[in-house]
Amino acid sequence: MEADVTVIGSGPAGLTAALHADKNGAKNVLLLEREEELGGILKQCIHNGFGLEQFKEDYTGPEYAERLIGETEKTNVRCFLNTMVTGVVPDRTITAVNPEKGVFQIESKSVVLAMGCRERARGSINIPGTRPAGVYTAGVAQRFVNIDGYLPGKEIVILGSGDIGLIMARRLTLEGAQVKGVYEIMDYPGGLKRNIVQCLNDFNIPLYLSRTVTEIRGKERVEGVVVSRVDDTMQTIGGSEEFISCDTLLLSVGLIPENELSIGAGVKLSPTTKGPITTETMETSVPGIFCCGNVSTVFDLVDYVAQTGISAGRNAARFSAGALEKDRKTVEVVPGENVRMLFPQRYCFEDNLILFIRSAEPIERAVRIEISPLGLRMKRPYARPNEMIRVKVPREKLKDVTGPIEVNIRES
Amino acid sequence: MARESKHFTCVICPIGCEIDVQLEDGNVVSMEGNKCEKSEEFVLQELKEPMRILTTTVRIKGAKWAMLPVRTDEPIPRRLLFKVIEELANIEMQAPVKVSDVIIGDIAGTGANIVATRNMKRERKGKPV
């Protein structure tokens with residue numbers, strides 16, 4: 001089988017990329033999805049707050065997915081469901097398997113990686129104790145409640161204050177469970193402030209900072225967890241242990257981009273984002289292989305995911321038409337002062353540079369985003385590690401740059 | 001005169017302004033910390049009656065999945081969230097359902113409708129009918 005653009009994954013990133021590859025003239029666009037329907041994780045994110053920027057609407061996840069699916073159905077994009085991609089090679093041959101075709105290959109002029117991310121689980125954070133039933137990631141609990149109709153437990157402790165954990169605290173409370181508290185190892189919350197207010201404060205669910213779960217107890221089923229305080233260096237403080245009785249522990253302890261296929265395709269990954277090293281065109285280190293959404297770096301908002309999908313789809317279409325040269329000059333984009341994470345990592349002089357930045361430390365005062373050697377300064381009212389900062393640098397300001405572009409966050 | 005101070009975190013946008021309000025006999029005499037007029041409106045509404053969108057699920061038969069996601073089509077008083085959840089506990093829908101279909105009109109006397117937030121086709125044994 002041959003294709004101009006093949007998109008792997010049909011969550012918000014993949015759907016948007018496929019739509020925009022089609023819009024930008026790619027004739028033969030394929031969208032491959034391993035599940036039995038399109039939409040990815042949006043289907044279980046039944047809360048609202050999606051698409052405020054992109055569609056100026058306050059959609060729920062399923063509504064947002066329906067809108068993108070509806071738009072896709074009006075195009076010539078061909079969707080393959082129940083289709084698992086098992087390999088991608090650098091010359092952009094894709095191997096996939098599904099019940100109708102068995103194992104088959106697609107030779108695609110360009111490829112968009114949109115596999116999303118997965119949750120860190122108990123094994124990633126090494127919680128000691130027994131191995132009873134009742135330990136779930138927040139996303140698994142979300143699927144049980146919102147799609148399958150099962151309540152994972154009655155008395156719940158949540159470790160980690162990421163957005164999914166906060167949203168599940170509210171969801172489980174509404175469904176009749178008692179959420180005893182959300183415990184966060186850092187001294188600031190992981191999720192957005194609005195979620196702290198609407199998901200925890202509205203329901204009197206306590207948030208405990210600088211604490212972590214140091215033991216899980218229970219034989220067949222979770223009977224409780226031991227929670228300890230941590231110091232500035234995140235070491236547990238002896239003598240601070242407290243037993244909390246519960247039947248369920250939910251983990252909301254971070255997401256990791258899912259890049260097994262990218263590695264197989266020879267795509268270079270960034271140790272900071274755990275996603276492909278990418279230019280502003282969303283092209284990876286392998287020419288003609290693009291990426292978008294949470295496979296590239298874990299974004300805070302679906303609007304950001306969609307923005308990378310638009311860029312990946314458009315540029316994958318350009319590449320497939322021969323409109324994007326294979327060997328282009330690029331410069332590095334490097335993190336400077338108080339920058340923990342920076343995306344993309346390279347600039348290739350094709351588009352505006354839209355930077356996604358996470359600060360290393362929270363600063364609750366006015367800050368400047370300083371971009372050297374351009375001497376550009378952008379003001380922001382604050383910098384918080386849990387809220388990505390997005391900055392647009394117009395292409396015309398970058399045309400004379402020869403060396404690395406450095407991004408700093410400094411107090412005003 | 002009864003003086004009172006209250007604190008709010010605005011949820012209108014991601015900035016999340018921390019707002020301090022001084023009240024005298026229940027009337028606002030000063031407000032500090034809000035960066036825009038929208039958060040002023042938010043605080044006044046919070047003082048009067050906090051309003052929230054409710055998103056939840058109802059059971060559905062004859063579809064691929066057990067649960068159909070639903071929402072209120074406008075914000076409802078926060079104090080009625082659990083009442084609405086209770087009213088939805090015994091609802092069982094039958095596929096097919098289309099996104100935006102009204103599941104229950106004027107839920108719990110709020111004036112808001114409960115609407116479906118996705119399409120669900122009719123299926124039998126995992127196959128479309």
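A residue is buried if 20 or more other C-beta atoms lie within 10 Å of its own, exposed if 12 or fewer, and partly exposed in between, with C-beta atoms placed from the backbone. Arg92(A) has 21 C-beta neighbours inside 10 Å and therefore counts as buried. This is a predicted model, in which local features need pLDDT of at least 70 and side-chain atom pairs count only at pLDDT 80 or more, while totals for chains, interfaces and linings use all residues. Residues are numbered from 1 along each chain as its sequence is written, and chains are lettered from A and ligands numbered from 1 in the order in which they are written.

**Domains**

- Chain A is divided into domain 1 (1–119 + 255–328), domain 2 (121–253) and domain 3 (329–412); such bounds come from an automatic or database domain assignment.
- In chain A, the C-alpha centres of domain 1 and domain 3 lie 25 Å apart.
- Contact between these two domains of chain A involves 16 residues of domain 1 and 17 residues of domain 3, where two residues are in contact if their C-beta atoms, placed from the backbone, lie within 7 Å.
- For chain B the assignment gives domain 1 (3–48) and domain 2 (55–128), and the C-alpha centres of these two domains of chain B lie 33 Å apart.

**Nonpolar cores**

- A nonpolar core is a set of buried Ala, Val, Leu, Ile, Met, Phe, Trp, Tyr and Cys residues joined through C-beta atoms within 7 Å.
- The largest nonpolar core has 78 residues, and those with the most contacts inside it are Val7(A), Ala17(A), Val112(A), Leu113(A), Ala114(A) and Phe290(A).
- Helix H8 (residues 302–320) of chain A gives the most to this core, 9 residues; helices (H or I, at least four residues) and strands (E, at least two) are DSSP runs, numbered from the N terminus.
- Domain 1 (1–119 + 255–328) and domain 3 (329–412) of chain A each supply at least three residues to this core.
- A second, separate core of 33 residues includes Val182(A), Ile205(A), Val222(A) and Val253(A).
- Beyond its neighbours within four places in sequence, Val7(A) has contacts that include Gly14(A), Ala17(A), Leu30(A), Val112(A) and Ala114(A).

**Helix pairs in chain A**

- Helix H1 (residues 12–23) and helix H2 (residues 61–73) of chain A pack at an angle of about 25 degrees, with their axes 10 Å apart; axes are lines fitted to C-alpha atoms, for helices over the stretch in contact, and angles run from 0 to 180 degrees between N-to-C directions.
- H1(A) and H2(A) are therefore roughly parallel to each other, as angles under 35 degrees count as roughly parallel, over 145 as roughly antiparallel, 65 to 115 as roughly perpendicular and the rest as oblique.
- H1(A) passes H2(A) in a left-handed crossing; a crossing is left-handed if the near helix is turned anticlockwise from the far one by less than a right angle, and right-handed if clockwise.
- Among the residues that meet are Leu15(A) and Leu19(A) in H1(A) and Tyr64(A) and Leu68(A) in H2(A).
- The axes of helix H4 (residues 138–148) and helix H5 (residues 163–174) of chain A come within 9 Å and cross at roughly 35 degrees, and the crossing of H4(A) and H5(A) is left-handed.
- The contact is made by residues including Ala138(A), Gly139(A) and Val145(A) of H4(A), and Ile164(A) and Met168(A) of H5(A).
- Val140(A) also lies in helix H4 of chain A, and Val140(A) is partly exposed, with 17 other C-beta atoms within 10 Å.

**Contact between the chains**

- Chain B contributes 23 residues and chain A 20 residues to the contact.
- On the side of chain B that touches chain A, two or more residues come from each of strand S5 (55–61), strand S6 (67–72) and helix H2 (81–88) of chain B.
- S5(B) gives the largest share of that side, 4 residues.

**Backbone details**

- Phi of Arg92(A) is near 75 degrees, a positive value in a residue other than glycine, and Arg92(A) lies in the loop between strand S6 (84–88) and strand S7 (93–98) of chain A.
- Asn126(A), which is not a glycine, has a positive phi of about 50 degrees; with 6 C-beta neighbours inside 10 Å, Asn126(A) counts as exposed.
- A cis peptide bond with omega of about -5 degrees joins Phe343(A) and Pro344(A).
- In chain B, the peptide bond from Ala95(B) to Pro96(B) is cis, with omega near 5 degrees.
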